[in-house]
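I opened the model today to look up a few points. My notes follow in the order I took them.

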Amino acid sequence: MEIRAVKVPVPSANAPVTAGWQRLYELYAADHMAWYNHTDYLSHSVERFLANQVQGGDPERPEETYVLLARGEGRVSGPITVSDEPFDDVDPTAIVGFLRYSYYVESAEGVAFPAIFVDADWRRRGIGTAAMEFIRSRALADSRRILEAWAPGDPDAAGEPITPKQGAGSVASGDTGAAFLTALDYRLELVENSSSLDLTNAEKVRKLRELERLGRERLGGDVEVRVHSYTLDDEALSALAEARNAFEQDYPQGENADRIQRTPEQLRSEFDRALDRLTDGISVLIHEKASGVVVAGTGLEYKVGGRRAYQEWTWVSPDHRGAGLATYVKAVTYVHAIDHLPNIEVVETENAEENEAMWAVNEKLGFERSSLMTNWFSFYDGDAWRPHP
Ligand SMILES: CC(C)(COP(=O)(O)OP(=O)(O)OC[C@H]1O[C@@H](n2cnc3c(N)ncnc32)[C@H](O)[C@@H]1OP(=O)(O)O)[C@@H](O)C(=O)NCCC(=O)NCCS
């Protein structure tokens with residue numbers, strides 16, 4: 001079997017939904033199911049999905065997407081070839097998967113990110129491997145010698161536990177993503193779990209209101225809470241950028257991961273692009289009254305009209321830890337969502353297994369574990385890709 005890759009273009013405004021876009025949207029939906037067990041973070045219609053592609057990707061992390069087209073039978077017989085046939089003319093029934101390749105332009109570490117999805121009916125024939133080889137040669141051409149991959153994990157997979165280089169948790173060797181990435185010379189760096197909080201559960205809502213009230217009574221004299229949407233003013237934006245950059249430096253990530261810092265202007269353009277895609281968010285900052293300094297913050301992002309909100313970040317300043325600020329800032333956020341964002345029924349968050357403090361806070365707030373995801377690295381040593389530098 002031969003595999004051709006056709007680059008997915010940035011469509012022009014009002015481009016029609018061709019069969020290729022429809023097929024790509026279905027594959028994205030299958031990918032979201034593998035990751036989250038729902039498709040709430042995907043555009044809610046193929047028309048909206050296409051409209052969201054018009055603005056192109058994040059200029060700080062440009063991404064290329066290719067659909068993979070199969071011809072012939074059996075296993076993949078050679079490397080992927082890039083075909084220049086227009087995406088809008090491809091036979092959608094030949095599309096068996098997609099790959100995405102990106103990196104932060106300002107990456108200090110030389111990291112690039114592969115993402116591969118193969119239609120379930122076409123797996124175990126070498127398509128994923130060919131896609132990874134394609135990405136690896138692209139990465140070397142761009143002087144990227146570290147690949148950071150993420151895979152959705154199956155908590156019920158069979159096999160021996162593989163433990164991460166960093167922190168706690170494990171994934172079974174029979175897990176699809178783990179088996180695939182291990183076979184391709186990646187090492188497991190971190191295990192993360194996502195968990196979700198049901199805001200329609202009356203008992204949980206009662207508990208959240210109580211935690212918010214207790215926090216306010218205890219801390220309210222010293223701190224001030226400010227809630228912002230993605231259309232926040234410049235002063236709030238600066239405070240938010242500072243808090244998010246501090247979080248980025250701080251939270252558990254693989255030791256070779258990029259810790260990208262954003263200027264307020266970059267954050268503004270990120271929010272404007274999100275709003276353009278009908279995605280909004282709230283950021284909650286807690287300022288110390290005496291100094292005005294931000295001592296804690298968190299952020300949720302959601303599709304306008306969607307049922308789920310995704311927790312992007314939570315941070316407490318190191319010299320204010322242990323005072324209940326993480327619980328308070330999160331409780332404030334969820335009570336705000338309950339009172340002002342009635343569409344949102346579920347909040348989802350992801351945390352490294354090793355982040356015990358965050359797990360303790362989330363359990364107190366009523367989060368329950370939902371899915372597993374794994375973080376992997378592979379390094380080019382001048383000769384071959386290896387699971388260690
Ligand atoms: C992971 C994924 C991309 C693999 O695609 P694929 O085309 O089936 O991969 P390949 O056929 O090239 O598999 C290569 C090797 O990986 C290992 N492997 C892959 N899937 C496996 C599984 N389910 N169980 C055990 N081993 C597996 C095997 O060693 C396989 O070689 P073999 O078939 O000769 O034994 C595909 O399962 C998928 O799309 N999963 C959902 C998305 C995902 O997890 N992406 C993570 C990668 S970024």
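A residue is buried at 20 or more, and partly exposed in between. I also note at the start that this is a predicted model.

I looked up Glu 210 and found it in helix H5, residues 202–219. Glu 210 has 12 C-beta neighbours inside 10 Å, so it counts as exposed. I then checked Glu 210 against Ala 331. The two are 121 residues apart along the chain, yet their C-alpha atoms are separated by 8.7 Å.

Ala 331 is among the buried residues of H8. Helix H8 covers residues 325–340, which is 16 residues. From first C-alpha to last, H8 reaches 22 Å, close to the 22 Å expected at 1.5 Å a residue. I listed the buried residues of H8: Leu 325, Ala 326, Thr 327, Tyr 328, Val 329, Lys 330, Ala 331, Val 332, Thr 333, Tyr 334 and Ala 337.

**Entry: the ligand shell**

Which residues come nearest to the ligand? I found Arg 123, Gly 128, Thr 129, Gly 177 and Ala 179, out of 22 residues around the ligand. By class, the shell has 13 nonpolar, six polar and three charged residues. I then asked which elements supply at least two shell residues each. They are strand S5 (111–118), helix H3 (127–141), strand S6 (146–153) and helix H4 (176–183).

**Entry: positive phi**

Most residues other than glycine have a negative phi. I noted two residues that go the other way.

Ser 143 has a positive phi of about 60° and is not a glycine. I located Ser 143 in the loop between H3 and S6. Is Ser 143 buried or exposed? Ser 143 counts as exposed, because it has 9 C-beta neighbours inside 10 Å.

Asp 185 also is not a glycine, and its phi is positive, near 65°. Asp 185 sits in the loop between H4 and strand S9 (187–198). I found 17 C-beta neighbours inside 10 Å, so Asp 185 counts as partly exposed.

**Entry: two helix pairs**

Two packed helices are described by the angle between their axes and the distance between the axes.

Helix H1 (residues 19–36) and helix H2 (residues 46–53) have axes that come within 10 Å and cross at roughly 100°. H1 and H2 are therefore roughly perpendicular to each other. From H1, the contact uses Trp 21, Gln 22 and Tyr 25; from H2, Val 46, Phe 49 and Leu 50. I sorted the residues of this contact into five nonpolar, one polar and no charged.

Helix H6 (residues 234–250) packs on helix H7 (residues 264–276) at an angle of about 100°, and the axes are 9 Å apart. H6 and H7 are therefore roughly perpendicular to each other. In H6, Leu 237, Ser 238, Leu 240 and Ala 241 meet Pro 264, Leu 267 and Arg 268 of H7. I sorted the residues of that contact into five nonpolar, one polar and one charged.

**Entry: Ala 30**

I went back to helix H1 for Ala 30, which is found there. Ala 30 has 14 C-beta neighbours inside 10 Å and therefore counts as partly exposed. I checked Ala 30 against Phe 117: the pair is 87 residues apart in sequence and 8.9 Å apart in space, C-alpha to C-alpha.

Definitions and conventions
Residues numbered from 1 in each chain as written. Predicted model: local features only at pLDDT ≥ 70, side-chain atom pairs only at ≥ 80, totals over all residues. Axes fitted to C-alpha atoms, helices over the stretch in contact; angles between N-to-C directions. Helix = DSSP H or I, 4+ residues; strand = E, 2+ residues; numbered from the N terminus. Parallel < 35°, antiparallel > 145°, perpendicular 65-115°, else oblique. Contact = placed C-beta atoms within 7 Å. Nonpolar A, V, L, I, M, F, W, Y, C, P; charged D, E, K, R; others polar. Near = placed C-beta within 6 Å. Expected span 1.5 Å × (residues − 1).
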